[in-house]
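Please open the model in the viewer and keep the selection panel at hand. The tour moves from one selection to the next and states what is found at each stop.

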Amino acid sequence: MSRRLRAFKRWMNSQNIEYAKNIEIIDKGINNGISIKANADLKQGDIVAKIPKNACLTIKTTACSEMIQDAGLAGSLGLAVALMYEKSIGECSLWAGYLQLLPERECGVPLVWTLDEVDQFLTGTELHKAVKDDKSLVYEDWKENILPLIASGPLELDPMAFGAEQYFAAKSLVSSRSFEIDDYHGFGMVPLADLFNHKTGAENVHFTSVSSPLSNTDNDSDAEDNEYINNHHYESTEHLSTCKNGSPAALGGKNISESNDIELSSNSEEDSDHLEMIIVKDVKAGDEVFNTYGSMGNAALLHRYGFTELDNPFDIINIELNMVLEWSSSLFSSRYSRARLSMWRRIGYCGCVSQNSEYFEISSDGEPQYELLILLYIIFLTDEVYDKLNQTVPSTGNLDKDVGILLLHKNTKRIPLEIPDMAKNYLLTDNVCGALVSLADIRESFYRLNSLRDDIQSLSSCCVRDRKLYHSMVLRVKERKILNNLRAYASSRSHKYKKRAVLRKNRR
Ligand SMILES: C[S@@+](CC[C@H](N)C(=O)[O-])C[C@H]1O[C@@H](n2cnc3c(N)ncnc32)[C@H](O)[C@@H]1O
């Protein structure tokens, strides 16, 4: 057993953190990290760890809690300050035995890459602009909130431990390892629980928390209920994109409040101050025990946790509304495009919205967001139908649902927009399918020179241990495959394509 692991186990003992004998903490060193393995078969319902809430590092439990509160810091910023402070006081920290097990920073998280690395590895991907924006926002946060604490705060903070670099490092740890604990503590670092790795849709454990100490005081029996919570962290909700159809954006995961994974189980009163890890799917002796950090695509996984998965079914790619408008303006005029866009909005549609940008999602199998199909269809409406629609649809105010479906097909048939599966038969005209292929080509050009084949070859020859390169290549290749799937989706639905396929078949 490594020295750092022995020290961590001694520390866990001192904090009354309990874990089952049939799980083992495996330390593969700095590069490969730590994971949890089953020593014996684990059965659904087994509790494999109990962690007192006061052993968690939060803005309430840290020794600098008062300073954080007085400075009005909260969220991931407050937790990062708590983490930096506890690290800065070394062995005097109550969490010294825990902190010595953590890496300096989560190197895979692009927030801590250099700007050159961000350009080198992420150009063209969903993350390129997001990470650049993050870097400047996080730096601004530091300048505005932490620098004043070093200069004139009450605790004589060591400037070497609270520099911008240390803040970025702390943010990468908070982003990749913090959990929501309860209403009182908010998010925090949860020793032991944060040693489980993630597997999408195939987790073995869930993390459970008893209701907050605040609600415990009102003697309500709800306070004894356990609530399943996920390894969601501040970034996941701060940057969470809101999408009309509720699906996660490329960078968003499942919002905690939207989670339908709530599991309730009762717990005795004396247990109410701790967290539990409970087995939800049997594990065979010798296998790794996985947690889930939520259902999210590779862009979100890399953004927050610093890794990707080759077979991630939640992968998506986004097509920005601005890109659609540019493409439309290159075919028609920009005035024409703006008028068609305005009609689309009047009928009651919008894209997903995140941080000042509006976009459409393309799912892993290449299926475009419904709202994009409607917009493209409106762009290609003949002037005659458009004018008719223009007279029918009110320019402002709430739309009557009946008016919303008054989109006319060629033979003046109404398109039943409220039944997407049926409407798609009308919306996917040759023009719309051709537009989807063009949009895929334009989005593809963001990756610059290399072809997808080049990228696949680079990925196959690159080593998982070269983390930045490997995971950014997985992100790139998976995104480009989705664009291929979008082209295939469009081609297979285009009548021209279908006709050509029939002709080819007849010729054979
Ligand atoms: C909560 S920690 C899990 C424990 C971690 N392995 C350690 O060494 O402490 C999250 C970090 O573990 C790593 N990780 C978790 N699941 C992973 C996976 N499926 N593939 C690659 N890395 C993973 C990533 O570095 C991530 O930021």
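In which sense do strand E2 (residues 23-27) and E3 pair, and over how many bridges? E2 and E3 pair in the antiparallel sense, over five bridges; two strands pair if DSSP finds at least two bridges between them. Helices (H or I, at least four residues) and strands (E, at least two) are DSSP runs, numbered from the N terminus.

Two remarks apply to every stop. Residues are numbered from 1 along each chain as its sequence is written. This is a predicted model, in which local features need pLDDT of at least 70 and side-chain atom pairs count only at pLDDT 80 or more, while totals for chains, interfaces and linings use all residues.

**Strand E3**

Select glutamate 24 and lysine 37: the latter, in E3, is the bridge partner of the former. Next, colour the two faces of E3: Ile34, Ile36 and Ala38 form the covered face, and Ser35 and Lys37 the uncovered one.

**The ligand**

Now select the 15 residues around the ligand, of which Gly33, Ile34, Ser176, Asn197 and Phe307 come nearest. A residue counts as near if its C-beta atom, placed from the backbone, lies within 6 Å of the molecule. Strand E3 (34-38) and helix H8 (164-177) are the elements that give two or more residues to this shell. By class, the shell has four nonpolar, seven polar and four charged residues. Here Ala, Val, Leu, Ile, Met, Phe, Trp, Tyr, Cys and Pro count as nonpolar, Asp, Glu, Lys and Arg as charged, and the others, Gly among them, as polar.

**Alanine 80**

Go to helix H4 (residues 75-88), where alanine 80 is found. Is alanine 80 buried or exposed? Alanine 80 is buried, because 29 other C-beta atoms lie within 10 Å; the term requires 20 or more such atoms within 10 Å of the residue's own, whereas 12 or fewer make a residue exposed and values in between partly exposed, with C-beta atoms placed from the backbone. Leaving out residues up to four places away in sequence, alanine 80 touches Tyr167, Ala170, Lys171 and Val174, a contact being two such C-beta atoms within 7 Å. Alanine 169 is 89 residues from alanine 80 in sequence, yet 8.8 Å away in space, C-alpha to C-alpha.

**The hairpin**

Finally, select strand E5 (residues 178-182): five of its five residues are buried, so E5 is largely enclosed by the rest of the structure. A hairpin of three residues joins E5 to E6, and E5 pairs with strand E6 (residues 186-189) in the antiparallel sense over four bridges. Aspartate 182 has glycine 186, in E6, as its bridge partner.
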